[in-house]
Amino acid sequence: MEGEGVLSSGLSMAELGLRIRTERRARGLTVERLAALSGISRSMVSEVERGAKTPTVLVLDRLATALGTSIARLLDEPAHSAMRVLRHAEQRVLRDPSGWERRVLSPVLGDVEFEFMRTSLGPGVDAGEFAPHAPGSREYLAVERGSLRLTINGRPYELAAGDSAYYPGDCRHAFANDGADDCVYYLAMELGGAGQHDPWKEPSDG
């Protein structure tokens, strides 16, 4: 979890660190408590807040999840107008050194915790497992190109181009491309209210 990453969002590391620190303090959390909630070491949290280390996408997602928010909100200021057009060059992009890219397509809107993103996974790339979001969270996924192995609480589902899926966001979820071609998929994430992350259980068949 403490490897170097690449953040291509337009923000400096110092600006990102300040936003994380501001969100943490607004919630009355210490660095130690944020580290415990996110599963990230205290030293890593401290270095990210100081802008001394570039977080991987997984690290940034775990910090956002522990803060009860999204990566998009850490990267961008809330939009104040009813209408917002995000030109391609204005969209926040995160590139992970393991070979995948996340492009945030939705603006940050006031108190609305919603994120719409486009993700590209190179051939054979495993994006890793993401921690459960707050209870009541929902995620909707659609594969545009290639194949995707979506794993929910340890159970894998193979998706092909044109397939879509829904799953509660308050569970462990992982994404991997086992194919020989690029995989591109879209993901809409609606975060539930803040609170303790209760484990989501796989429903029994039948």
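How many helices and strands are there in the protein? There are five helices and 11 strands. Helices (H or I, at least four residues) and strands (E, at least two) are DSSP runs, numbered from the N terminus.

## Basis of the model

This is a predicted model, in which local features need pLDDT of at least 70 and side-chain atom pairs count only at pLDDT 80 or more, while totals for chains, interfaces and linings use all residues. Residues are numbered from 1 along each chain as its sequence is written, and side-chain values use heavy atoms, with hydrogens and water left out.

## Burial and contacts

The protein has 206 residues, and 49% of them count as buried. Buried means under 20% relative accessible area, with a 1.4 Å probe and protein chains only.

A contact means heavy atoms within 4.5 Å. Among contacts between residues at least 6 apart in sequence, 68% join residues at least 24 apart.

## The four-stranded sheet

Four strands form an open, antiparallel sheet in the order E5-E10-E7-E8. Two strands pair if DSSP finds at least two bridges between them. Strand E5 (126-130) and strand E8 (155-160) stand at the edges with a single partner strand each, so one side of each has no neighbour in the sheet. From one strand to the next, the twist averages 15°.

E5 pairs with strand E10 (residues 173-176) in the antiparallel sense, over four bridges. Glu-129 has Ala-174 in E10 as its bridge partner.

## Helix packing

Helix H2 (residues 31-38) packs against helix H3 (residues 42-50) at an angle of about 115°, and their axes are 8 Å apart. H2 is therefore roughly perpendicular to H3, a term that covers angles of 65 to 115 degrees. Axes are lines fitted to C-alpha atoms, for helices over the stretch in contact, and angles run from 0 to 180 degrees between N-to-C directions. On the H2 side, the contact is made by Val-31, Glu-32, Leu-34 and Ala-35, and on the H3 side by Arg-42, Val-45, Ser-46 and Glu-49.

The axes of helix H1 (residues 13-26) and H3 come within 6 Å and cross at roughly 120°. Met-13, Gly-17, Leu-18, Ile-20, Arg-21 and Arg-24 of H1 meet Val-48, Glu-49 and Arg-50 of H3.

Definitions and conventions: Buried < 20%, exposed > 50% of the residue type's maximum accessible area, 1.4 Å probe, protein only. Parallel < 35°, antiparallel > 145°, perpendicular 65-115°, else oblique.
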